[in-house]
Amino acid sequence: MNNETNSSHNGSSSSVQRDTSRPLTEEELDRYSRQMIVPGMGKEAQLRLLNAKVLIIGAGGLGCPAAQYIAGAGIGTIGVVDGDVVERSNLHRQVGHSTSRIGQPKVLSLITHLKELNPLPTYIAHTEHITPLNAADLISGYDLILDCTDNPATRYLISDICVLLCKPLVSAASVQTSGQIIVLNCPPTPQGLLEGGPYPPCYRCCFKKPPPANAQLSCGEAGILGPVVGLMGVAQAGEAIKILASNLHIPPAEGEERRPVEPTLLLYSYSLTSLMGPFTFRALKMAPRKKSCFACGEGSQERLTLEGVKRGEPNYEFFCGLGAGPKQGVLKEEERISPREFVEKVQTQKEGKYVVLDTREKEHFSFGSIEGAVNLPFGKLLSKAAQLKRSGEMTPGVEDLLPPETKVKDGEEDVPIYVVCRRGLDSQEAVEKLKEMGLDKGGKRKIVDIAGGMKAWKEQVDPSFPYL
Amino acid sequence: MSAPRPPKGHFNILYFASASSHTGKDMEALPAPLPLRKLFDILEDRYRGIQETVLDHCLVTINLSYVDMPSSEDEDGEENAVVIQEGDEVAIIPPVSSG
């Protein structure tokens with residue numbers, strides 16, 4: 001859906017004649033006065049903002065704060081892309097939505113908010129997710145793109161299309177207590193051009209390969225603090241305004257001398273316990289466009305084309321390991337038990353001793369667990385196992401792998417261990433790892449995965465369980 | 001905010017995002033000098049599995065500047081090879097993709 005919600009400008013085509021020398025209206029003079037008098041701004045810079053078209057992809061934790069400042073600054077045309085609806089768990093960080101708009105498409109909710117803030121811009125709602133099929137059509141109509149999305153496949157797609165269509169890209173990301181922001185492909189440079197460089201990098205120049213699918217953290221699973229992601233979104237708007245006000249989104253004209261902008265990645269981390277201090281900003285000097293880059297390097301025109309992307313080449317989902325799905329069938333049938341069976345066959349049989357190991361993070365564990373469960377976060381289990389392996393102390397040190405609360409008396413070394421996690425994936429790997437370390441005593445001790453994790457526990461056993 | 005100075009004969013290594021969760025640390029000091037191409041081997045030795053889950057796709061900076069990671073077999077250009085020096089600050093920065 002492409003719904004133009006204000007027709008005072010012609011906002012849909014990519015090549016309109018822009019009147020860059022009109023007088024400002026009374027309302028514009030008043031509304032933008034405080035930013036226009038900042039040194040380096042002035043009327044010309046404000047007119048550039050008024051004539052600019054910005055596409056914000058993602059109306060979430062980054063997109064909401066970014067959009068507020070983009071709209072406030074008077075960017076002439078603002079497009080927003082997102083296919084999700086507002087949920088209650090979004091609201092601690094997605095400040096452009098509201099409790100009364102839960103269930104509404106995020107794009108419409110955010111635009112409602114932005115119109116309140118500034119009714120002058122033209123807002124364009126794209127209530128759909130960006131995909132290889134629609135990406136070029138969405139991006140081609142704008143001068144500058146903000147990547148406010150939440151997954152690697154989409155990040156590579158957006159960067160590739162921005163290279164192909166010669167658009168500057170302001171990319172940010174955030175999870176848990178850290179965030180990053182970088183300006184890419186700015187000034188926009190033709191694909192494959194290396195001579196006469198250095199030229200600005202694209203996302204692939206910086207991050208050649210995505211992390212393996214099981215190492216990718218989403219905000220839903222790993223958590224995110226509102227101000228951390230908010231800060232990154234605000235910084236995106238700041239970069240966008242700077243680029244547009246100084247015309248950096250337009251490639252230099254022939255013979256035009258321009259001081260090159262050093263590609264810089266701003267890294268923010270926010271942790272009370274860090275040795276680096278309670279918060280850290282680091283501005284990292286990045287490398288320019290890489291000769292070997294798949295998308296913008298030497299010979300990239302042969303590898304990456306608009307037609308190719310539409311046909312499914314490259315395959316972004318596959319590249320980011322999403323096609324594979326979760327690891328299945330690693331464990332034998334007798335090594336798995338459903339939560340319901342666990343209650344019936346294990347918990348209610350009072351005489352049999354057993355240990356329940358919960359491998360969720362301690363924050364998840366703090367809300368509740370299976371009765372008697374002992375917490376050993378999955379990451380800790382893996383690093384402890386690696387440590388033991390390194391020291392060559394497989395036995396008897398292997399018992400130290402488990403928390404001391406699980407210690408059993410002599411002669412009870414065969415009490416079974418039941419492993420549970422959040423959704424039933426880590427627990428399977430944990431069972432494997434414990435067996436590999438020899439904790440199953442060559443098969444004498446049962447180590448069993450509670451299938452489906454605490455999510456299945458809530459569904460099958462205890463609907464009131466506080467599953468997060 | 002700056003990190004504490006590394007002890008004599010050491011450099012600081014900072015771990016961000018998933019590098020920090022994998023190592024259970026924000027930073028530590030490692031012995032210097034160290035050829036850059038040996039860095040990943042040393043980390044893999046300390047933190048089994050970190051190469052595949054973190055290092056293979058992260059970016060590395062020395063003193064706030066991006067460096068290209070040479071492969072550990074790469075013996076060419078020995079004389080031009082980057083060496084991490086005492087007092088340097090190395091950072092391991094995995095991509096973050098959520099938002």
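Select residues 53–57 and 77–81 of chain A, which are strands β2(A) and β3(A): the two run parallel and are joined by five bridges. Strands, like helices, are DSSP runs numbered from the N terminus (E, at least two residues, for strands; H or I, at least four, for helices), and two strands pair if DSSP finds at least two bridges between them. The model is predicted: local features need pLDDT of at least 70 and side-chain atom pairs count only at pLDDT 80 or more, whereas totals for chains, interfaces and linings use all residues. Residues are numbered from 1 along each chain as its sequence is written, with chains lettered from A and ligands numbered from 1 in the order in which they are written.

Within this pair, A:Lys53 stands opposite A:Thr77.

Next, select β5(A), residues 144–147. This strand also pairs with β2(A) in the parallel sense, over four bridges, and A:Asp147 is the bridge partner of A:Ile57.

Now colour β2(A) by burial. Five of its five residues are buried, that is, 20 or more other C-beta atoms lie within 10 Å of their own, with C-beta atoms placed from the backbone. One side carries A:Lys53, A:Leu55 and A:Ile57, and the other A:Val54 and A:Ile56.

Move to A:Cys202, A:Cys205, A:Cys293 and A:Cys296, which an unreviewed UniProt entry annotates as "binding site"; such annotations may be inferred rather than shown by experiment. These four are spread over 95 residues of sequence, yet their largest C-alpha distance is 8.6 Å.

Centre on A:Cys202, in the loop between β7 (178–184) and α8 (203–206) of chain A. A:Cys202 counts as buried because it has 27 C-beta neighbours inside 10 Å. Beyond four places in sequence, its contacts (C-beta atoms, placed from the backbone, within 7 Å) include A:Ser159, A:Leu184, A:Cys293 and A:Cys296.

A:Cys296 lies in the loop between β9 (279–285) and α11 (300–303) of chain A. A:Cys296 is buried, with 31 other C-beta atoms within 10 Å. Leaving aside neighbours within four places in sequence, the residues in contact with A:Cys296 include A:Gln191, A:Cys205 and A:Arg289.

Finally, show the contact between the chains, which takes 49 residues from chain A and 31 residues from chain B. On the chain B side, α1(B) supplies the largest share, four residues.

Methods
Buried ≥ 20, exposed ≤ 12 C-beta atoms within 10 Å, placed from the backbone. Contact = placed C-beta atoms within 7 Å.
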